[in-house]
Amino acid sequence: MELPAALRQGVERLLESVPLAVLKQAAKTLSDRYRAELRDGRLHMAEGLAVKAYLATRLPATYAAIRASLDALSDAKPDFQPRSLLDVGAGPGTVLWATTDLWPDLEQAVLFEASDAVRKVGETLAADAISARTRWLAGDATIDLADLKPADLVSCAYVLDEITPASLPKLIDRLWQLTGDTLLIVEPGTPAGWQRILAVRRQLIEAGAHVLAPCPHRAPCPLAPPDWCHFSRRVARSRLHRLAKDADVPWEDEKFIYVAASRERPMSHQARVLAPPKAGSGKVLLKLCREDGTAVERLLTKRDGADFKLARRLDWGDTLNNTAK
């Protein structure tokens, strides 16, 4: 999943004058903070250079994960056509770009972001490229959401890992209050990210929400550590990305986990593929999360006919009624 052309071109313009050595150091500092899930009272992207490092080394991957999560939401609720978006912890507008790419008729968006440096970059990137009426607001997601108005789609992507755990229940409660229709939460696909999503999922179900994706059920998650639920998207690295990260491989795999919840019950649920399918001569082994709340491995062979042909086209994260995108 590549960045939209207008976003990619805007990013290239912002980065063209940054010395490579400076960008490399900023990228390392940012990466270290993310990997440590550091909560020291400072924003990860408090300064302009950190934002540019993010644009060079993280934006393509987070965009791919968010867009994949939105695709899963749309597959689960095909009639959903949001007219309004509220994105809390908006960063440089990643969710906005992914949402308008999927739903071009989005009419208005409110982007809530604590970092002045990130908001400035986000406004610059979206200024002449996003047709939806867009407002950028400053504030702390844990205390400053009281005056916001509900939106059809509410999102919070790659944010919870930066927030003190004790503040999360109140934040999730407020996000659900602001959700007119559907809420999407996306987190890094780590065991810790999965645990945060599990806590969010439990809280939303208790509040009356209906899980759209990725879970095909509302039962407790059937997976247990050291296993964990997550998905992945392979992203091509630009030349600048490879140089900034001293990377030899021209791609990276972005692992992520998400939950999409709606005020309306989904029409139906389909089992979801929880791991890369294992294909052999005349057979495919699928790890599935099923509608009955169980996780199983299912072996399909040529004898299974149409089911086998479908299984050969499935990818990690698909449902059994999806072919690979």
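This is a predicted model: local features need pLDDT of at least 70, side-chain atom pairs count only at pLDDT 80 or more; totals for chains, interfaces and linings use all residues.

Student: Does aspartate 318 count as buried or exposed?

Tutor: First, aspartate 318 is found in the segment after α10 (306–313). Buried means under 20% relative accessible area and exposed over 50%, with partly exposed in between (1.4 Å probe, protein chains only). Aspartate 318 has 5% relative accessibility, so the class is buried.

Student: How many residues of strand β5 are buried?

Tutor: Strands here are DSSP runs of E with at least two residues, while helices are runs of H or I with at least four, both numbered from the N terminus. β5 covers residues 179–188 and is mostly covered. Of its 10 residues, the buried ones number nine.

Student: In which sense do β5 and β8 pair?

Tutor: Two strands pair if DSSP finds at least two bridges between them. Leucine 183, for one, has alanine 261 in β8 as its bridge partner. Over seven bridges, the sense of the β5 and β8 pairing is antiparallel.

Student: And which residue in β5 stands opposite alanine 151?

Tutor: Look at strand β4 (residues 151–157), which runs parallel to β5 and is joined to it by six bridges. Opposite alanine 151, you'll find threonine 179.

Student: Which glycine in the turn between β11 and β12 has a positive phi?

Tutor: β11 (residues 283–289) and β12 (residues 295–301) pair in the antiparallel sense over seven bridges. They form a hairpin with five residues between them. The residue with a positive phi, about 90 degrees, is glycine 293.

Student: Which element gives the largest share of the lining of the largest cavity?

Tutor: A cavity is a set of points on a 1 Å grid over the protein atoms alone where a 1.4 Å probe fits but cannot get out, and lining residues have an atom within 4 Å of a point. The lining has 17 residues, with Trp194 among those nearest the centre. α8 (191–206) and β8 (251–262) each supply at least two of the lining residues. The largest share, four residues, comes from α8.

How values were computed:
Residues are numbered from 1 along each chain as its sequence is written. Side-chain values use heavy atoms; hydrogens and water are left out. On a 1 Å grid over the protein atoms alone, a cavity is a set of points where a 1.4 Å probe fits but cannot get out, and a pocket is an open set with protein on both sides within 12 Å along at least five of seven lines; lining residues have an atom within 4 Å of a point.
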